[in-house]
Amino acid sequence: MALLDQRTAVITGSAQGIGYAIAEALAAEGANIVIVDLDADAAGAAAARLNIGDRAAGVACNVADGADVEGVVRAAVDRFGSLDVFVNNAGITRDATMRKMTEQMFDEVIAVHLRGTWLGTRAASAVMREQEQGGSIVNISSISGKVGLLGQTNYSAAKAGILGLTKAAAKEVGFAGVRVNSVMPGLIRTPMTEGMREDILQTRLKEIALGRMGEAAEIAQAVLFMASDMSSYITGAVLEVTGGRHM
Ligand code: NAP
């Protein structure tokens, strides 16, 4: 039997990048998949690309909007009958040093990552508690939230905040068998990192024990572990998937 047979997984920000790789990995283990993204067409196209027929659906949603997030959770349950896995993955960057970062750049990043992850964790855990069959919520943080990266005071704050949120939520909903964990990627090859300046890339590669960027599929495997019963006694944990960067 596949690891996620009969289970339904929602992945935010999954029309591309790490989110799409997570959708592929969970789909390969039998899960019904709800691809969530800002753009309805992109979400629908990504759901079709998974090639699992009516086991996949695409839904438009802004993760910073509470009503949108509640709508996604309802749509998953209406369509597939349950919600078992919720991955808070959607993300943006608005990098600049503090001298140049505007309040808007700060607020946008906090809204998508921190508020979005809180909204997703709240909505998903409420349904999972009611279902009385447990569940797994996986929040995507970043190495930037562990060590702080120059030009990312907004992003580092949001990604560090996700770790506190994850642990507090794990304590609140553990009694119902709902687990809340975080996966912390390092430098991963995706559209988000494609435009990185060559000199910055070379500096960062020197910090990585394995000496290379990670692939989105390697983050997806860690999320699959946290999403499935392979991690049944793990909650409130942070799994670093960084190739040994900033250990
Ligand atoms: P990506 O390729 O830019 O994908 C992010 C996705 O999130 C995009 O499809 C984007 O849609 C969507 N999104 C943005 N704002 C949204 C919102 N308000 N509501 C719903 N969807 C939204 O990024 P990625 O590299 O795969 O990153 C995925 C996650 O991993 C993020 O949380 C990121 O911070 C984290 N991470 C990435 C790395 C890395 O090296 N790549 C490292 C550490 C952590 P649009 O394209 O339409 O905006």
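Select I33 first. Beyond its neighbours within four places in sequence, I33 is in contact with A9, I11, A23, L26, A27, L50, I52, R55, A56, A57 and F80 (contact: heavy atoms within 4.5 Å). This is a predicted model: local features need pLDDT of at least 70, side-chain atom pairs count only at pLDDT 80 or more, and totals for chains, interfaces and linings use all residues. Numbering runs from 1 along each chain as its sequence is written, and side-chain values use heavy atoms, with hydrogens and water left out.

Now widen the selection. The largest nonpolar core has 36 residues, and I22, L26, I33, I35 and V183 have the most contacts inside it. Such a core is a set of buried Ala, Val, Leu, Ile, Met, Phe, Trp, Tyr and Cys residues joined through side-chain atoms within 4.5 Å. Buried means under 20% relative accessible area, exposed over 50%, partly exposed in between (1.4 Å probe, protein chains only).

Colour the elements next. At least two residues of this core come from each of β1 (8–12), α1 (17–28), β2 (32–37), α2 (40–49), β4 (85–88), β5 (135–140) and α9 (216–227). Helices (H or I, at least four residues) and strands (E, at least two) are DSSP runs, numbered from the N terminus.

Then pick V69, V109, L119 and I137. They belong to a second, separate core of 31 residues.

Move to S82, in the loop between α3 (66–80) and β4. S82 is buried, at 8% relative accessible area. Its side chain makes a polar contact with the side chain of D84 (2.8 Å). A polar contact is a pair of N or O atoms within 3.5 Å; within protein, one must be able to donate a hydrogen and the other to accept it, and residues adjacent in sequence count only if both atoms are side-chain atoms.
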